[in-house]
Amino acid sequence: MTYIKHMAFAVDSVDETLNRYQKLLGVGLDAKVVVAEKARIKVAIFDVGDIEYQLNESLDGEGRFSKWIAERGGEGLHHICYAVPDIDDALAEAQAQGSTLRECSSCKVSGSHPHPEGYVAFLEQETGGIEIEIMQVYTPDELEQYKSIRGI
Ligand SMILES: [Zn+2]
């Protein structure tokens, strides 16, 4: 079953946006706010119902999310990540329908590759103007393996 793993927003200010979610909707009160120095982003992560929201702010004007906001002319929904049972099957089916793979902007890899939470891939085609990320979430064993390889 395909379900939404997370929705990622590109924002000018994580603090300001999070504050607005908290005030207007009463969500994100337990948000985890992290500054990822290597990726040069600040991100807030919280759940709305079963769906994880990620608010992403670039620390630099030339950063991935700053650039996206500038090109698009404003903040917005950057991508939706869909969890699938088998990423290889999902990609094969999408490609059989004419879909092509987009390079991961963090890893510079096209197609399925490991991220902290699972195997991910990006499609070049969008739905309703929103980028598609596909993820096969790690099993507990795979997660342990990923952590041990990275020394986390
Ligand atoms: Zn990647």
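Modeller: Domain bounds come from an automatic or database domain assignment. In this predicted model, the assignment gives domain 1 (1-83) and domain 2 (85-152). The centres of domain 1 and domain 2, taken over C-alpha atoms, are separated by 19 Å.

Colleague: How do you know which residues of domain 1 and domain 2 make the contact?

Modeller: Two residues are in contact if their C-beta atoms, placed from the backbone, lie within 7 Å. The contact takes 10 residues from domain 1 and nine residues from domain 2. On the side of domain 1 that touches domain 2, strand β5 (residues 76-83) gives the most, with seven residues. The residues of that side divide into six nonpolar, two polar and two charged.

Colleague: Why are β8 and strand β9 said to pair?

Modeller: Pairing requires at least two bridges between the strands. Seven bridges link β8 and strand β9 (residues 130-137) in the antiparallel sense, so the two strands pair. Within β9, Ile-134 stands opposite Ala-121. The two strands form a hairpin with two residues between them, and Gly-128 in the turn has a positive phi of about 55 degrees.

Colleague: What makes strand β6 a partner of strand β8?

Modeller: Strand β6 (residues 101-102) and strand β8 (residues 118-127) run antiparallel and are joined by two bridges; the requirement is at least two, so they pair. Leu-101 stands opposite Leu-123 in β8.

Colleague: Which residue in β8 is the bridge partner of Pro-114?

Modeller: That partner is Tyr-119. Strand β7 (residues 113-114) is joined to β8 by two bridges, running antiparallel, and a hairpin connects β7 to β8 through three residues.

Technical notes. Residues numbered from 1 in each chain as written. Predicted model: local features only at pLDDT ≥ 70, side-chain atom pairs only at ≥ 80, totals over all residues. Helix = DSSP H or I, 4+ residues; strand = E, 2+ residues; numbered from the N terminus. Nonpolar A, V, L, I, M, F, W, Y, C, P; charged D, E, K, R; others polar.
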